[in-house]
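Please look at the model first, then read the points in order.

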Amino acid sequence: MRSKFIVVCLLPLLWLCVDIAFDNLGSNPVQALHIRLGDWSLRFLCLTLAITPIQTITKWRGMADYRQLFGLYAFFYASLHLLGYLLADHALMWRIIGIDIIESPYIWFGVLAYGIIFLLALTSPKWAKKRMGKTWKKLHRLIYIAAVAAIIHYFWQLKGNLAEPLFYSIIVFLLLGFRVLVWVKNRQLTKMMIPTGQRVLALAEKQGVIQEAPRKQR
């Protein structure tokens, strides 16, 4: 099943290669290349973020095996997106690339998003998870920042029709909002699980109300 998903995730790249071969990228092929590769990176990033809500709602744990796969494909298409910028757009002319980065704030957010995804891809193997321990989970929570940075990068680089970045913004907002609601609910449940008597004692001790009981006189 996993091998089928690997093949399916490569279909967008095959589709893009066919369009390049038959010159179907429109009047501005370089921009079309950027947008399509960036879109697929963002789509796989959204799929990665969608795994937890799907598991929470459906109670189906089978999708957890594909979280890493979707995340790696987000990194794969983001890397192609970056290579397209460096090679197709600027032909590795680093002086022009440096000037472009300085003068284009939207690129800063793209670099931030890619840097985070790059770190997450490097630490995705099981051995890295075991070696990093609790730090691994903290690091991989940076995917939320990467998603927001990618959305800002998308918004700022486009001129005119903003329907697609707005659509992805709504998707990311809903996925992150779901996590906030679950976090709030879990905190409330944790408080409710503490017995009432213990809550009162804990509050009293915190306020210094409880004093040491006097010893009984014999």
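1. The crossing of α5 and α8 is left-handed (the near helix is turned anticlockwise from the far one by less than a right angle). The model is predicted, and local features need pLDDT of at least 70. Residues are numbered from 1 along each chain. Helices here are DSSP runs (H or I, at least four residues), numbered from the N terminus.

2. α5 packs on helix α8 (residues 143–157) at an angle of about 150 degrees, and the axes are 8 Å apart. Axes are lines fitted to C-alpha atoms over the stretch in contact, with angles from 0 to 180 degrees between N-to-C directions. That makes α5 roughly antiparallel to α8 (over 145 degrees).

3. Which residues of α5 meet α8? Among them are Y106, F109 and L112 of α5, and in α8 the list includes A146, I152 and W156. Contact means heavy atoms within 4.5 Å. The α5–α8 contact has 16 nonpolar, three polar and no charged residues (nonpolar: Ala, Val, Leu, Ile, Met, Phe, Trp, Tyr, Cys and Pro; charged: Asp, Glu, Lys and Arg; polar: the others, Gly among them).

4. Helix α3 (residues 67–89) also meets helix α5 (residues 105–122): their axes come within 10 Å and cross at roughly 140 degrees. The crossing of α3 and α5 is left-handed. Its contact residues include F75 and L82 of α3 and Y114 and F118 of α5.

5. α2 bends by about 30 degrees at A50 (the angle between axes fitted to the seven residues ending there and the seven starting there). A proline, P53, follows within four residues. Just after α2, K59 has a positive phi of about 60 degrees.

Note on methods
This is a predicted model: local features need pLDDT of at least 70, side-chain atom pairs count only at pLDDT 80 or more; totals for chains, interfaces and linings use all residues. Side-chain values use heavy atoms; hydrogens and water are left out. Helices (H or I, at least four residues) and strands (E, at least two) are DSSP runs, numbered from the N terminus. Angles under 35 degrees count as roughly parallel, over 145 as roughly antiparallel, 65 to 115 as roughly perpendicular and the rest as oblique.
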